[in-house]
Amino acid sequence: MTSQVHLPGSTLGILGSGQLGRMLALTAKRLGYRVHVFSPERDTPAGQVADLEITADYTDLTALKRFAQGVDVVTIEFENIPVQALAALQQDVPVYPQPPVLEITQHRLREKQFLSDLGIPVVPFVPVNNIQELQAGMAQLGLPAVLKTAGFGYDGKGQVRLETEAQALAAYEAFAGQACVMERFVALEREISVIAARAEDGTFQAYRPVENRHRHHILDFTLAPAQVSEALEAQAIQLTRRILEALNMRGLLCVEFFITQQGELLVNELAPRPHNSGHYTIEAAVCDQFEQQLRVVCGLPLGDPSLRQPAAMANLLGDLWMKGEPDWQTALGLSPVYLHLYGKQEARAGRKMGHLTALGNSVEAAFQLAQQARERLNR
Ligand code: AMP
């Protein structure tokens with residue numbers, strides 16, 4: 001299909017309806033687009049702000065056809081969409097990122113194989129499809145290790161750290177025959193990520209690497225920019241570019257990296273969509289990640305990813321609601337702090353309900369302000 005430009009006034013279709021879709025939809029509305037959202041849920045974060053929320057299963061071909069007929073271009077906010085759904089949509093409407101990109105990135109094993117075939121450094125891994133491979137994995141990688149399901153994992157779900165052989169057997173049993181990947185457990189110095197866009201003509205724009213701090217495997221804080229050497233920054237951006245090119249991808253990609261205690265840069269995961277570690281760009285970059293995604297899928301010129309000011313983002317998980325409604329009044333007394341809430345009705349432990357972004361003259365100042373604001377919510 002020849003590339004088309006979808007100007008403001010066109011209708012953007014979004015598959016998936018969580019907070020990423022919500023922030024993308026809000027941006028698209030700001031730029032004068034109409035937005036239709038498709039997901040199996042109702043009254044969703046993205047559906048609440050879209051022009052139309054379609055609730056149907058990703059396997060419902062009739063509903064997909066109706067969705068395709070109502071939009072000019074389709075993108076995703078969630079990568080675990082069945083590739084068949086994307087292929088069906090593609091018969092009627094352009095879809096970015098392209099379905100083969102999702103086929104790779106929604107499956108840890110295919111993703112790791114793809115990266116290691118490219119010669120990109122990844123954590124040593126082995127596929128585990130049966131007990132023999134589990135045993136062989138432990139022999140090859142040693143313990144501790146991490147066992148992860150190959151599909152449908154996010155925010156630490158579907159992964160277990162293995163210290164002993166007994167734990168490995170129990171973990172494998174709990175995953176009930178799902179295809180798995182075993183990884184060596186790496187001693188990390190820190191974790192960073194790079195978000196970048198690649199247009200149809202190969203034009204590339206990257207945000208600077210940011211540092212991600214996790215708690216219980218869930219992103220807790222992002223600090224922008226990451227305090228790493230210029231050489232490492234350049235290397236991370238260069239690897240991101242190579243991955244986008246090898247995927248021949250048109251869209252926005254987040255690459256999560258590990259920096260080992262030996263100073264090695266390893267790719268952990270790919271996400272072909274906006275990412276939690278890019279939320280700070282809404283206030284701190286010239287063009288934020290959601291506008292960049294909109295631009296790239298609509299064929300508009302890519303925006304300027306430059307950082308205007310150091311920033312820190314703090315996630316607000318459902319745990320904050322356990323003692324009642326967070327104290328918004330007190331937290332909002334701090335400035336410059338920006339509150340984002342995703343419109344989720346039910347606060348559950350570990351569920352991402354919103355985030356705060358703080359700006360500062362240094363990363364450290366922004367980080368302190370973000371911490372202080374979040375602490376105030378908990379009074
Ligand atoms: P993932 O879902 O694979 O991104 O894992 C979530 C988090 O778990 C990562 O961001 C790391 O903090 C930690 N983690 C995952 N895999 C490993 C590993 N092989 N070695 C050390 N830490 C890991």
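The centres of domain 1 and domain 2, taken over C-alpha atoms, are separated by 34 Å. The model is predicted, and its domain assignment gives domain 1 (11-95), domain 2 (124-184) and domain 3 (188-376).

**Second largest pocket**

- The volume of the second largest pocket is about 300 Å³.
- Its lining comprises 16 residues, and those closest to the pocket centre are Arg-215, Asp-220, Leu-317, Asp-319 and Arg-374.
- At least two lining residues come from each of strand S12 (218-224), strand S15 (311-317) and helix H12 (363-377).
- By residue class, the lining contains six nonpolar, five polar and five charged residues.

**Cis peptide bonds**

- Most peptide bonds are trans.
- Tyr-96 and Pro-97 are joined by a cis peptide bond with omega of about 0°; Pro-97 belongs to the loop between helix H3 (83-90) and helix H4 (99-105).
- Ser-335 and Pro-336 are likewise joined by a cis peptide bond, with omega of about -5°; Pro-336 sits in the loop between helix H11 (328-331) and strand S16 (337-341).

- Most residues other than glycine have a negative phi.
- His-217, which is not a glycine, has a positive phi of about 70°, and its position is in the loop between strand S11 (210-215) and S12.
- Asn-248 also has a positive phi, near 50°, and is placed in the loop between helix H8 (230-246) and strand S13 (251-260).
- Asn-248 counts as partly exposed because its relative accessibility is 49%, and exposed requires over 50%.

Note on methods
Residues numbered from 1 in each chain as written. Predicted model: local features only at pLDDT ≥ 70, side-chain atom pairs only at ≥ 80, totals over all residues. Heavy atoms only, no water. 1 Å grid on protein atoms, 1.4 Å probe; cavity = no way out; pocket = protein on both sides within 12 Å on 5 of 7 lines; lining within 4 Å. Points joined across faces, edges and corners; volume = space filled by probe spheres on them. Helix = DSSP H or I, 4+ residues; strand = E, 2+ residues; numbered from the N terminus. Nonpolar A, V, L, I, M, F, W, Y, C, P; charged D, E, K, R; others polar. Domains from an automatic or database assignment. Buried < 20%, exposed > 50% of the residue type's maximum accessible area, 1.4 Å probe, protein only.
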